[in-house]
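Please read the following report beside the sequence and the model.

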Amino acid sequence: MTNFRLEVRKREHALYVIDEANEQYERMPCALGSNVPMDGYDCITHEGQFQVSQIYESQDFGWPGDSTGRRRPYGPFLLELNHKFMGIHGTDEPDSIGLDLTHGCIRLRNEDITKLVRKYVDIGTIIEITE
């Protein structure tokens, strides 16, 4: 489906879509891990090269432990990576974009995660996360 790869530049709080010619195609602001352990997670957005291992429609995924069922923290899509406890997803907290406060996932605006899934990403897409 796609000949794109993703780069997450933590210092910039940005996810880039990179094309075959190694040119920047899109830039999307993101939230990253808080780096403060909580709820049994290390809360680090780990650096390295990863791949998309699964794509979920996640608008109905609830927040673990939320008995009210009101929280929908993953937005419309969740990209599971081949790293335990790390993914790329939308949000029910758009004001969090640009901050360090996730459990380690890369959080995007809902319109950006939707664009990624519809135009750029498939199972096996490479994600490079750098400082």
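The side chain of serine 96 reaches the backbone oxygen of glutamate 93 at 2.6 Å, and it also makes a polar contact with the side chain of arginine 107 at 2.8 Å. A polar contact is a pair of N or O atoms within 3.5 Å; within protein, one must be able to donate a hydrogen and the other to accept it, and residues adjacent in sequence count only if both atoms are side-chain atoms. This is a predicted model, in which local features need pLDDT of at least 70 and side-chain atom pairs count only at pLDDT 80 or more, while totals for chains, interfaces and linings use all residues. Residues are numbered from 1 along each chain as its sequence is written, and side-chain values use heavy atoms, with hydrogens and water left out.

Serine 96 lies in the loop between strand S6 (87–89) and strand S7 (100–102), where helices (H or I, at least four residues) and strands (E, at least two) are DSSP runs numbered from the N terminus. With a relative accessible area of 4%, serine 96 is buried; buried means under 20% relative accessible area, exposed over 50%, and partly exposed in between (1.4 Å probe, protein chains only). Leaving aside its neighbours within four places in sequence, serine 96 is in contact (heavy atoms within 4.5 Å) with Ala31, Thr91, Leu101 and Arg107.

A search of the whole structure finds four aromatic pairs. Rings of Phe, Tyr and Trp (its six-membered ring) pair if their centres lie within 6.5 Å, and planes under 30 degrees apart count as stacked, over 60 as edge-to-face and the rest as tilted. Two of the pairs share phenylalanine 4, as the table shows.

| Pair | Centre to centre | Angle between planes | Kind |
|---|---|---|---|
| Phenylalanine 4 and tyrosine 25 | 4.9 Å | 55° | tilted |
| Phenylalanine 4 and tyrosine 120 | 4.9 Å | 80° | edge-to-face |

Phenylalanine 4 lies in the segment before strand S1 (5–9) and tyrosine 25 in strand S3 (residues 24–33), so their pair ties together parts that are 21 residues apart in sequence. The pair with tyrosine 120, in helix H1 (residues 110–120), links parts of the chain that are 116 residues apart. Ring pairs thus link Phe4, Tyr25 and Tyr120 into a cluster, in which tyrosine 120 is buried at 1% relative accessible area, while phenylalanine 4 is partly exposed at 21% and tyrosine 25 is partly exposed at 48%.

The largest nonpolar core has 23 residues, and those with the most contacts inside it are Leu15, Ile88 and Leu116. Such a core is a set of buried Ala, Val, Leu, Ile, Met, Phe, Trp, Tyr and Cys residues joined through side-chain atoms within 4.5 Å. H1 gives the most to this core, with four residues. Beyond its neighbours within four places in sequence, isoleucine 88 is in contact with residues including Leu6, Leu15, Phe77, Ile113 and Ile127.

How many disulfides does the count come to? With a disulfide taken as a pair of cysteine sulfur atoms within 2.5 Å, the count comes to zero. Cysteine 30 is in no disulfide, and the nearest cysteine sulfur, that of cysteine 105, is 12 Å away. The sulfur of cysteine 105 is itself 9.8 Å from the closest cysteine sulfur, in cysteine 43, which is too far for a bond. Cysteine 30 counts as buried at 0% relative accessibility, and cysteine 105 is buried with a relative accessible area of 14%.
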